[in-house]
Amino acid sequence: MKTTPDERLRELERRAHDEMARIEALCAGWSTLGDEDRDDLHSVVICGAGLSGLSIAFALKRRGIRSVHVIDQSEEGREGPWITCARMQTLRSPKYLSGPDLGIPSLTLRSWYEALNGADAWEALDKIGRQDWMAYLIWFRRTVGIDVENDTTLSSIDQGEGGLALTLSKGDGTSRTVTCRQLVMATGIDGCGGPRIPAMVKALPKSAWTHSNEPIAIDFLKGRDVAILGGGTSSFDWAVAALETGAREVTMFARSADLPRTEVLAWTNFPGFLGHFADLPDLERWRFAHLYFNFKVPPTQEQYDRARSHPGFTMQLGCGVRELSMDGGKVKLTTANGTCHADHLLLGTGYEINFALRPELAGLVEAAAFWKDCFQPPQGEENALLADHPYLGPGFELTPRYAEAGWVSRIHMFNTGALASLGPVSNGVTGLKYGVPRIVSALVKALFIEDSNRYLAALAAYDEPHFDPGIDEDVTTSREVLA
């Protein structure tokens, strides 16, 4: 009898739970110490319920950590960039990469996709569509039972009694303070800063430009002339989105005379690099990261072809914009090739590392150490971009700049800011299977060691019976008889 997609998904969920039971994927909870279940006290708070946040929450659940609270600023089902500010048609990652499943076959993207569409459809698939990816993450979250407090923003991080004091703000304007012992910032590509906005763009009215990280109703570009700054992947995503919504002319301006062609993540995807980048000495990590950032992210072949197929699309390569100004309601761009005008400016200018750009991190600027505080590169190998990255420990934890700031080591940066210290293991699907075990091991270790004396006392008081000899207390033992 033919089954429906919903029926096949229910069967897949049943199989996933069976697989987890067979391999003891969800271990027993830890010995109760009496204070884990308060609403205002958590062992771990995870800020961000996208791919990374869900994966870490699932991994902590598998390690028996019960008091984990996950928050996300977005409404349910819109976590991460996939259906908000992402504009590409598909993910860049190969479809076969392991994701949040953490080794459970029935929780994989492939199993979910085949349950909905069949094995032949999976075989014919090149890359997963971003909206399908979002649907998969929603299904995953429901199947493994991860609760998320949505519409909740982390507003500030302070030292608290026995941990960190977090101010959580709601969309309705209310806020509350909770305490956690460890905090994970699973906040994605802008999690240690924000969008990079050139100074000449900032001088324009905000209504004249939009950065690629901004969720907008792009149909306002219909019938308009558009200029794009940048020649990387987000710029091509902009171009396709604008052209296919009906923009009249789209012109891309890029300083480089050549488009990027090489996907550096493809080279890094082997166990030695992703698994042990963090174990290298500082100089080697610096040199690897320096080379990594020299590789610009190319567009997908599909996005490039879609853009080039439109007669209204042109590229001006090797032609950086020298000056921007407003001219009669339009943006005037001055380049080496002359001047042109656009109704709107779209930015594919990337992101910068700058704690001061994020309200919850601004108070850590003086307390946390950055690479520029801890490492002096050899002459000729300076890199301001790398120098601004936080200098993280092996468990993604912030390093205190001075002794009194030791509390910042409770904050773990599982986002793009970790790249200089731990490699590309927290900025997408490729390195996830290496980054998640590392951070979860660090969290579990920290929680146990901090409470080791309490666990020692619990062991001393432990008297749960596991054996009943079946002898009444008034029965004389054989040893007493012999005596």
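Me: What makes residues of α1 and α3 count as meeting?
Reply: Contact means heavy atoms within 4.5 Å, and Pro5, Arg8, Leu9 and Leu12 in α1 meet Ser111, Trp112, Ala115 and Leu116 in α3. Keep in mind that this is a predicted model, where local features need pLDDT of at least 70, side-chain atom pairs count only at pLDDT 80 or more, and totals for chains, interfaces and linings use all residues. Residues are numbered from 1 along each chain as its sequence is written, and side-chain values use heavy atoms, with hydrogens and water left out.

Me: How do you know how α1 and α3 run relative to each other?
Reply: The axes of α1 (residues 5–22) and α3 (residues 109–117) come within 8 Å and cross at roughly 150°. Those axes are lines fitted to C-alpha atoms over the stretch in contact, with angles from 0 to 180 degrees between N-to-C directions. Under 35 degrees is roughly parallel, over 145 roughly antiparallel, 65 to 115 roughly perpendicular, and the rest oblique. So α1 is roughly antiparallel to α3.

Me: Why is the pair Trp133 and Tyr136 called tilted?
Reply: Rings of Phe, Tyr and Trp (its six-membered ring) pair if their centres lie within 6.5 Å; planes under 30 degrees apart are stacked, over 60 edge-to-face, the rest tilted. By this rule there are 25 aromatic pairs. For Trp133 and Tyr136 the centres are 5.4 Å apart and the planes at 40°, so the pair is tilted. Both residues lie in helix α5 (residues 130–144), three residues apart, about one turn of the helix. Helices here are DSSP runs (H or I, at least four residues), numbered from the N terminus.

Me: Are Trp133 and Tyr136 buried or exposed?
Reply: Buried means under 20% relative accessible area, exposed over 50%, partly exposed in between (1.4 Å probe, protein chains only). Trp133 has 3%, so it is buried, and Tyr136, at 0%, is buried too.

Me: And what makes Phe270 and Phe273 a tilted pair?
Reply: Their rings are 6.2 Å centre to centre, with 40° between the planes. Phe270 comes out as partly exposed because its relative accessibility is 33%, while Phe273, with 7%, is buried.

Me: What makes Lys95 count as lying over Trp122?
Reply: The rule wants NZ of Lys or CZ of Arg within 6 Å of the ring centre and within 35 degrees of the ring normal. Lys95 lies over the face of Trp122 at 4.8 Å from the ring centre, and Lys206 lies over Trp209 at 4.1 Å.

Technical notes: Helix = DSSP H or I, 4+ residues; strand = E, 2+ residues; numbered from the N terminus.
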